[in-house]
Amino acid sequence: MASDAIVIVDGGRRLPRADLLVNNKEPGLYARFSATQLGGMAIRAAVAASGVPKERIGHVVMGMAQHSHRDSIYAAQGMRWRGGLPHDVPALTVARICGSGAEAVAVGAEIITAGLRHDAARPFVVVGGAESMQYGFALWGMRGRKVGGAVQKYGPVEGRALAAGTHLTDVLLASLYDPSARMSMANTAEELGRRYRITREEADAFGLRSHRNAKHARDAGWFDEEIAPVTVRRDGDAEPVTVRHDTHILEEASAASMARLPPAFEPGGVVTAGNASAVVDGAAAMIIGKERDVAREGLRPLARVAGVGVAGCPPEIMGWGPVPATRRALERAGISARDVAHVELNEAFAPQALACIRDFAEMGINPERVNPVGNAIALGHPLGATGAILTLTAAYALRRARQRWGLVTMCIGGGQGIAVVLESMA
């Protein structure tokens, strides 16, 4: 008998994740898209694929971690209208940094279950996340000063003409430094590597595993049901390019090529460009509702949101956050760690993921069940979208393999973790 449980409707979609830069030189395939455009594409695809009538959608909740474009302040509202939903549908942006996409799933579920804002006539909620990592450069120290000839209205900054005391900041790099920990996100992973005695060889092997698993999943067509292809026109004269797959997967990854990469953040460190998450743009959206409403509309349920856990941890080991968050999520779902058949653990950095996997193993989660289709090292980590993307990947993987319980979890800059337990309804 249908219940008030919160379920994900079959038909959720994500965009292929696209590198910030092509060959580390040219603008990425999504460089011309803002976060609201990416999120709008995901929402439009999810609504169409799910079959949920637009007039039955009562709210939109989308995650986004950082402003990247002039329309970013509108965030979920911009994604809502770009996604083709009517103006009388309200939209909420949630920001729990790297966990924003998973937080959107949780907040959407809470809007429905708490009842304070739930509209029985429009019982479905669009949830997900979007992130354009094309963050700009910020000019500081200019407020109240005359700009003069330093900045052209539609042109570049002339640095030599700037007044003394002003400076430019790369917002992407600045965002990855945590003043509370007094270190960058990558250095927190190095700290975990020291505490768990993770070697460079182990980190490289894990990065290689991510690429190989992702390539196998892509070639087997396992991502096809969750991906909505994106058509991109790179310049006015070129033929449009259709992006169908995640762009960062290495075709010929090897242990030797991984070993040749230098440490990227600390002398003698274990984190390199090959075993850290790729910087990509991306988005995902899905529709959730009460099981009874899904059944009443004749829709197909994909998975039940069985439990959510959020936890804090010391900021200098922020990457360990998935461990306490997972414990809480499993407790709320009422299952054992041994019941989990599929885990999507965001691979912010290899030593961070390996530290979590070791503790997961002590809890009873088989390490081989973690990231069997690759993860952020091979596929990328578009901050505010990642939690939603991994939720879809886990839900579809459970159905494909006819497994029951799945776990989605990720660390969060500043010292947090979030986890979502899914029960397949296929």
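# Notebook: Arg-17 and its surroundings

I started with the contacts of Arg-17. Beyond its neighbours within four places in sequence, Arg-17 is in contact with His-245, Asp-246, Thr-247, Val-280, Asp-281, Leu-379, Gly-380, Pro-382 and Ile-389. I note that the model is predicted. I placed Arg-17 in the loop between strand 2 and strand 3 (18-19). Is Arg-17 buried or exposed? I read 2% relative accessibility, so Arg-17 counts as buried. The cut-off for buried is under 20%.

**Entry: whole chain**

I stepped back to the overall fold. The secondary structure comes to 12 helices and 19 strands. The C-alpha trace spans about 70 × 50 × 45 Å along its principal axes.

How much of the chain is buried? I find that buried residues make up 57% of the 426. The accessible surface comes to about 18100 Å². Carbon and sulfur atoms hold 52% of that surface.

I then checked sequence separation in the contacts. I took contacts between residues at least 6 apart in sequence, and 81% of them join residues at least 24 apart. For charge, I counted 47 positive and 43 negative side chains. The centres of the two sets lie 3 Å apart.

**Entry: Val-7**

I went to strand 1 for Val-7. Its relative accessibility is 0%, so Val-7 counts as buried. What does Val-7 contact, leaving aside neighbours within four places in sequence? I list Ile-287, Ile-288, Gly-289, Lys-290, Glu-291, Val-294, Pro-301, Ala-303, Arg-304 and Met-425. I also took one C-alpha distance from Val-7. Pro-367 is 360 residues away along the chain, and the two C-alpha atoms are separated by 27 Å.

**Entry: helix 1**

I moved on to helix 1, residues 35-50. It has 16 residues and reaches 22 Å from its first C-alpha to its last. That is close to the 22 Å expected at 1.5 Å a residue. I listed its buried residues: Ala-35, Thr-36, Leu-38, Gly-39, Gly-40, Ala-42, Ile-43, Ala-45, Ala-46, Val-47 and Ser-50.

Which elements do these buried residues pack against? I find strand 1 (6-9), strand 2 (13-14), strand 6 (57-63), strand 8 (124-131) and strand 15 (280-290), together with helix 2 (75-82). Strand 1 is where I had found Val-7. After helix 1 comes Gly-51, with a positive phi near 80°.

**Entry: helix 10**

Why do I call helix 10 largely enclosed? Of its 14 residues, 11 are buried, so the rest of the structure largely encloses it.

The buried ones are Ala-350, Pro-351, Gln-352, Ala-353, Leu-354, Ala-355, Cys-356, Ile-357, Asp-359, Phe-360 and Met-363. I looked for what covers them. The cover includes helix 5 (185-195), helix 6 (200-219), helix 9 (322-333) and helix 11. Strand 17 (340-345) and strand 18 (405-412) are also part of the cover. Gly-364 follows helix 10, and its phi is positive, near 120°.

**Entry: two asparagines**

I looked up two non-glycine residues with positive phi. Asn-23 has a phi of about 60°. Asn-371 has a phi of about 55°. Asn-23 lies in the loop between strand 4 (21-22) and strand 5 (26-27). Asn-371 is found in the loop between helix 10 (350-363) and helix 11 (376-379).

Then I checked accessibility for each. Asn-23 has 63% relative accessibility, so I count it as exposed. The cut-off for exposed is over 50%. Asn-371 has a relative accessible area of 0% and is buried.

**Entry: Thr-391**

I finished in helix 12 (residues 383-401), where Thr-391 sits. With a relative accessible area of 0%, Thr-391 is buried. Not counting residues up to four places away in sequence, Thr-391 touches Ile-8, Met-286, Val-408 and Leu-422.

Technical notes:
Residues are numbered from 1 along each chain as its sequence is written. Side-chain values use heavy atoms; hydrogens and water are left out. Helices (H or I, at least four residues) and strands (E, at least two) are DSSP runs, numbered from the N terminus. The expected span of a helix is 1.5 Å times one less than its number of residues. Buried means under 20% relative accessible area, exposed over 50%, partly exposed in between (1.4 Å probe, protein chains only). Contact means heavy atoms within 4.5 Å. Accessible areas come from the Shrake-Rupley method with a 1.4 Å probe; for residues, only the protein chains shown count as cover. Lys and Arg count as positive and Asp and Glu as negative; His and the chain ends are not counted. The place of a charge is taken as NZ of Lys, CZ of Arg, CG of Asp or CD of Glu.
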